[in-house]
Amino acid sequence: MHELYGTDEVRAAVVARWGAAVAPGGVVDRAAVARHAFAADEERAWLEGLLWPLVARRVAAFRDRARAAQPPPRAAVVETPLLFEAGMDGLYDATIAVVADEDVRAERARERGHAALDERAARQLTQEEKAARATFVIANSGSVEELECNLAGVLAKLQGERR
């Protein structure tokens, strides 16, 4: 979804909505956008209304390309922020909820420079709700190697279902 901020369409829309300060030098400043989007529910809703249809179109196009590929890929994986909140889970054959302890999640978000953590969390389903909706659930409070191992197990299950 982050690459959408580099498109002319999204850049023009956020500048029209919030002013040139959100795109200094013509490059969208995601932190500035987040400050505006999380300042009020109507601003967040506006941004979601702009981005979610674009994300859904990209996912559908990616899926079409993957299905048409010869040979077909072992799996076509898409990371979709706010998947369930956006109602996009129906675009996928299976979904994976990657969950972690709250303190681990907060620290990782801070390391990535995410602002407005409480506002972001308030907008999202709880990890328990995501896990209940997902086809698969992976715990991710450990190492990258543990995550990769768990993801490989899910991939093996998915490949077994395709046969």
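This briefing looks at helix α1 and its packing against helix α3. The model is a predicted one. Helix α1 covers residues 8–18, and helix α3 covers residues 41–68. Two packed helices are described by the angle between their axes and the distance between the axes.

**How α1 and α3 are arranged**
- The two helix axes come within 11 Å of each other.
- They cross at roughly 165 degrees.
- Angles over 145 degrees count as roughly antiparallel, and α1 and α3 are therefore roughly antiparallel to each other.
- The crossing of α1 past α3 is right-handed.

**What makes the contact**
- From α1, the contact uses E9, V10, A13, V14, R17 and W18.
- From α3, the partners are E42, E43, W46, L47, L50, L51 and L54.
- Sorted by class, this contact of α1 with α3 has 9 nonpolar and 4 charged residues. It has no polar residues.

**The two sides of α1**
- Buried residues in α1 are V10, R11, A13, V14 and W18.
- Viewed down the axis of α1, these buried residues fall within an arc of 165 degrees, so they line one face of the helix.
- Helices α2 (30–37) and α3 are among the elements that cover the buried residues of α1.
- Exposed residues D8 and A16 sit on the face of α1 turned away from its buried side.

Technical notes
Residues are numbered from 1 along each chain as its sequence is written. This is a predicted model: local features need pLDDT of at least 70, side-chain atom pairs count only at pLDDT 80 or more; totals for chains, interfaces and linings use all residues. Side-chain values use heavy atoms; hydrogens and water are left out. Axes are lines fitted to C-alpha atoms, for helices over the stretch in contact, and angles run from 0 to 180 degrees between N-to-C directions. Helices (H or I, at least four residues) and strands (E, at least two) are DSSP runs, numbered from the N terminus. Angles under 35 degrees count as roughly parallel, over 145 as roughly antiparallel, 65 to 115 as roughly perpendicular and the rest as oblique. A crossing is left-handed if the near helix is turned anticlockwise from the far one by less than a right angle, and right-handed if clockwise. Contact means heavy atoms within 4.5 Å. Ala, Val, Leu, Ile, Met, Phe, Trp, Tyr, Cys and Pro count as nonpolar, Asp, Glu, Lys and Arg as charged, and the others, Gly among them, as polar. Buried means under 20% relative accessible area, exposed over 50%, partly exposed in between (1.4 Å probe, protein chains only). The arc is that of the directions from the helix axis to the C-beta atoms.
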